[in-house]
Amino acid sequence: MAKPKVSDEVKTYIVQALACFDSPSVVAAAVKKDFGLDVSRQLVESHDPNKKAASGLAPKWRALFEETRKTFLEDTGVTGIAAMALGVSFAEAIRRIVLIIIGKV
């Protein structure tokens with residue numbers, strides 16, 4: 001299977017979702033749902049700097065991952081409260097926040 005062409009918008013989504021502790025399979029499904037693009041779990045994993053598969057990941061994506069992870073960990077309490085208020089799961093709340101950040105909503 002050929003690797004699909006992934007735009008910077010989708011890469012941003014992938015990196016930020018991984019930084020928020022979503023699994024590669026959850027991220028791949030979300031990319032399909034939100035962008036209509038089939039990506040493999042392996043392609044998603046190659047954007048997680050904590051994985052061996054990401055050894056060639058560009059510095060800008062590593063920096064985005066670290067910045068997003070830091071923000072996520074600092075704001076987890078706020079997001080949890082927002083999820084309860086919206087009546088959605090924590091993962092869904094994060095997905096919505098990422099979509100807002102990248103301007104998809």
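The residues that line the largest pocket of this predicted model divide into seven nonpolar, four polar and two charged. That pocket has a volume of about 200 Å³, and T68, T71, F72, I97 and I101 are the closest to its centre among the 13 residues of the lining. The chain around it is built from five helices and zero strands, and 41% of its 105 residues count as buried.

**The largest pocket**
- Two elements, α4 (59-86) and α5 (90-101), each give two or more residues to the lining of the largest pocket.
- The largest share of that lining comes from α4, which supplies seven residues.
- Where empty space is left is shown by rolling a probe the size of a water molecule over the atoms.

**The nonpolar core**
- The largest nonpolar core has 27 residues, and those with the most contacts inside it are Y13, I14, V27, V31, V39 and V44.
- Two or more residues of this core come from each of α1 (8-19), α2 (24-35), α3 (41-45), α4 and α5, with α1 giving the most, namely seven residues.
- Taking V44, one of the residues with the most contacts inside the core, and leaving aside residues up to four places away in sequence, the residues that V44 touches are I14, L18, P24, V27, A28 and V39.
- Of these partners of V44, I14, V27 and V39 are themselves listed among the core residues with the most contacts.

**The aromatic pair**
- A search of the whole structure finds one aromatic pair, formed by Y13 and F35 in an edge-to-face arrangement, with 5.2 Å centre to centre and 80° between the planes.
- The pair counts as edge-to-face because the angle between its planes, 80°, is over the cut-off of 60 degrees.
- Y13 lies in helix α1 and F35 in helix α2, 22 residues apart, so that the pair links distant parts of the chain.
- Both Y13 and F35 are buried, and Y13 is also one of the residues with the most contacts inside the largest nonpolar core.

**The chain as a whole**
- Read along the sequence, the chain follows the pattern α-α-α-α-α.
- Among the contacts in the chain with a separation of 6 or more, 53% are accounted for by residues 24 or more positions apart.

Key:
Residues are numbered from 1 along each chain as its sequence is written. This is a predicted model: local features need pLDDT of at least 70, side-chain atom pairs count only at pLDDT 80 or more; totals for chains, interfaces and linings use all residues. Side-chain values use heavy atoms; hydrogens and water are left out. On a 1 Å grid over the protein atoms alone, a cavity is a set of points where a 1.4 Å probe fits but cannot get out, and a pocket is an open set with protein on both sides within 12 Å along at least five of seven lines; lining residues have an atom within 4 Å of a point. Grid points are joined across faces, edges and corners, and a volume is the space filled by probe spheres set on the points. Helices (H or I, at least four residues) and strands (E, at least two) are DSSP runs, numbered from the N terminus. Ala, Val, Leu, Ile, Met, Phe, Trp, Tyr, Cys and Pro count as nonpolar, Asp, Glu, Lys and Arg as charged, and the others, Gly among them, as polar. A nonpolar core is a set of buried Ala, Val, Leu, Ile, Met, Phe, Trp, Tyr and Cys residues joined through side-chain atoms within 4.5 Å. Buried means under 20% relative accessible area, exposed over 50%, partly exposed in between (1.4 Å probe, protein chains only). Contact means heavy atoms within 4.5 Å. Rings of Phe, Tyr and Trp (its six-membered ring) pair if their centres lie within 6.5 Å; planes under 30 degrees apart count as stacked, over 60 as edge-to-face and the rest as tilted.
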